[in-house]
Amino acid sequence: MSIEGRAWVFGHNIDTDAILPGRYLSAPLNEAARHAFESIAPDWAEAVQSGDIIVAGRNFGCGSSRENAPHVIKHLGIACILAESYARIFLRNAIAIGLPALMVNDVSSLIMPMDKVHVDLDTGGIQVQGVPKVIHAVPLHPQMKLFIEAGGIEGILKTWGERKHE
Amino acid sequence: MGQTIAEKIFSHKIGRQVRVGDFITAPIDRVMCHEGFFPAASKLAANNIDRIWDPQRVVVVLDHYVPSPTEKMAAVHTQIRQMVERYGIEHFYGEREGICHQVMIERGHVRPGELILGTDSHTCTYGALGAAAAGIGVSEMAYVLATGELWFQVPPSVRIDLTGRLADLVCAKDVSLVIAGRLGAEFAQYRSLEFAGEAVAAMSLSSRLVLSNMSVEFGAKFGIFPVDHHVVDYLRSIGVENSYPITPDDDAVYENNHRFDISEIEPMVAMPHSVDRVACVRDATGEKIHQAFLGSCTNGRIEDLRVAAGLLRGRKVSPSVRMLVYPASALVYRQAMNEGLLRILSEAGAIICPPSCGPCFGSHGGLLGPGETCIASNNRNFKGRMGSPDASIYLASPATVAASAWKGAICDPREVL
């Protein structure tokens with residue numbers, strides 16, 4: 001499975017309050033997504049296009065366990081996240097909703113804003129348009145790939161629910 | 001080979017010795033859901049899953065939107081009540097009991113050696129009672145509700161060795177801020193933090209709860225204390241017998257070992273907007289504040305209210321400050337009432353609020369306007385956390401919060417005359 005899109009580059013320690021402020025936690029996804037990253041990149045939510053990729057530094061997603069954080073990112077069309085490291089709860093939440101999140105050493109210095117990037121989710125190979133050298137992400141562990149390929153936990157639950165009717 | 005507490009707990013759960021890095025699937029002892037129960041259980045309902053694996057192992061507490069700030073959340077609470085009944089969940093604590101983590105501890109739903117998950121990142125708080133406890137999102141919670149198990153990767157353990165004893169008016173919160181300042185907000189990324197040392201042996205349960213609670217702010221998966229007589233005695237006092245006295249093996253292997261002499265620690269603050277932007281309070285004094293928040297799962301317990309009341313007895317909160325006091329639970333509230341603490345705080349000019357999360361996560365109950373500064377006893381000071389992204393939050397101990405409320409500016413509690 002592979003992904004191709006434009007890169008949006010963020011820094012270190014992007015927290016879940018920045019990704020989705022507390023006051024929008026109970027808002028419908030459509031509305032909440034409009035405010036994603038509002039305090040650090042006010043026009044970002046509007047500018048994102050389907051298939052785009054987030055590139056970030058260390059400790060991406062630190063803070064709360066709010067699943068709406070990866071949800072709004074996915075809802076806006078982001079196809080995958082490449083970060084140097086993740087807060088574990090965020091990483092697990094991204095996987096749980098079927099949003100690929102890969103760890104890549106030094107990635108925020110290797111990929112520039114609006115670079116066109118190709119990501120091979122199986123091998124973890126990342127190709128930046130115009131750059132010959134392939135960047136290597138830590139490939140997703142099979143345990144995590146399972147959830148991504150099933151479409152997240154929703155996909156798994158759906159399968160169980162359908163099975164009950166057979 | 002010797003094992004750390006996390007390794008022992010995982011090994012015990014799956015019936016074989018685990019090693020760091022192993023991917024395992026483990027049965028869960030208990031789950032805690034706050035209002036997150038609504039989206040989690042809705043996913044079951046949407047997929048015709050009409051049974052929870054073991055309703056006895058599920059605790060549901062309403063705390064984040066209490067009393068309900070909107071019609072919409074009132075409707076959510078109604079739906080939660082219906083779902084609790086439909087799924088046969090007995091351990092349901094509605095709006096009157098307090099913050100989920102405090103309720104879990106007070107009502108005996110946390111036992112040493114257990115693997116506990118919750119729909120809140122501060123589920124790690126239960127590590128103070130020797131449990132491996134962590135926060136998860138609502139989809140993972142739906143999965144656990146359906147199956148009673150979840151996958152894990154066994155984390156490395158990092159040891160925090162504490163020696164010495166806290167000086168007067170220096171609190172466990174100050175210790176956690178010193179740890180953050182020295183080691184950074186990511187030092188324990190996906191690690192099980194284990195607290196040890198002579199200072200731990202002398203530490204009250206309340207102080208341990210602070211340190212376990214703050215562990216997630218350093219990236220930790222778990223923040224665990226060894227089980228000793230403090231823990232066993234507390235559990236016995238609330239009717240929980242036969243506690244598993246879990247401690248690490250003498251030859252347990254830790255990835256890292258950090259030592260702190262807590263005798264040297266002074267009152268600290270975490271400056272906006274990061275928990276590791278730490279300074280001594282005496283270097284931040286004079287910064288004007290508009291709101292002082294005493295409460296949260298970190299520091300809303302009786303010990304915290306006592307410290308604050310001790311400083312504010314016979315004194316007044318500065319007229320330019322709103323001091324909000326949110327006791328962590330109804331039990332804390334009533335005990336504070338009985339000890340006269342609420343009277344002292346109210347007479348000082350503090351506003352006594354319902355046991356709940358309040359403004360901690362930016363929803364309601366005391367938000368900050370643009371340009372305002374708050375000193376808070378909670379656990380996060382990210383930009384926009386408590387309202388306007390144009391506001392500033394300083395994290396501090398209950399003593400520092402109370403002193404600053406009196407002064408009208410950030411103030412070292414030792415300066416209160």
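Contact here means heavy atoms within 4.5 Å, and on that basis 39 residues of chain A are in contact with 42 residues of chain B. This is a predicted model, in which local features need pLDDT of at least 70 and side-chain atom pairs count only at pLDDT 80 or more, while totals for chains, interfaces and linings use all residues. Side-chain values use heavy atoms, with hydrogens and water left out, and residues are numbered from 1 along each chain as its sequence is written, the chains being lettered from A in the order in which they are written.

**Between the chains**

- The area buried between chain A and chain B, that is, the accessible area (1.4 Å probe) that the two lose on being put together, summed over both, is about 3,400 Å², and carbon and sulfur atoms give 54% of it.
- On the chain A side, the residues that lose the most area to chain B are A:Arg88, A:Arg92 and A:Leu157, which together account for 20% of what that side buries.

**Nonpolar cores**

- A nonpolar core is a set of buried Ala, Val, Leu, Ile, Met, Phe, Trp, Tyr and Cys residues joined through side-chain atoms within 4.5 Å, where buried means under 20% relative accessible area (1.4 Å probe, protein chains only).
- The largest such core has 175 residues, and among those with the most contacts inside it are A:Phe37, A:Trp44, A:Leu82 and B:Leu162.
- A second, separate core has 36 residues, including B:Ile302 and B:Cys411.
- Leaving aside neighbours within four places in sequence, A:Leu82 is in contact with residues that include A:Ile53, A:Val104 and A:Ile126.

**A buried tyrosine**

- B:Tyr126 is found in the loop between β5 (115–118) and β6 (132–135) of chain B, strands being DSSP runs (E, at least two residues) numbered from the N terminus.
- B:Tyr126 counts as buried because its relative accessibility is 0%.
- Not counting residues up to four places away in sequence, B:Tyr126 touches several residues, among them B:Met32, B:His101 and B:Ala133.

**An enclosed space**

- A cavity is a set of points on a 1 Å grid over the protein atoms alone where a 1.4 Å probe fits but cannot get out, and its lining residues have an atom within 4 Å of a point.
- A search of the whole structure finds 1 cavity of 30 Å³ or more, and the largest cavity has a volume of about 40 Å³, a volume being the space filled by probe spheres set on the points, which are joined across faces, edges and corners.
- The residues that line the largest cavity include A:Met1, A:Asp122 and A:Lys145.

Terms used: Buried < 20%, exposed > 50% of the residue type's maximum accessible area, 1.4 Å probe, protein only. Helix = DSSP H or I, 4+ residues; strand = E, 2+ residues; numbered from the N terminus. 1 Å grid on protein atoms, 1.4 Å probe; cavity = no way out; pocket = protein on both sides within 12 Å on 5 of 7 lines; lining within 4 Å.
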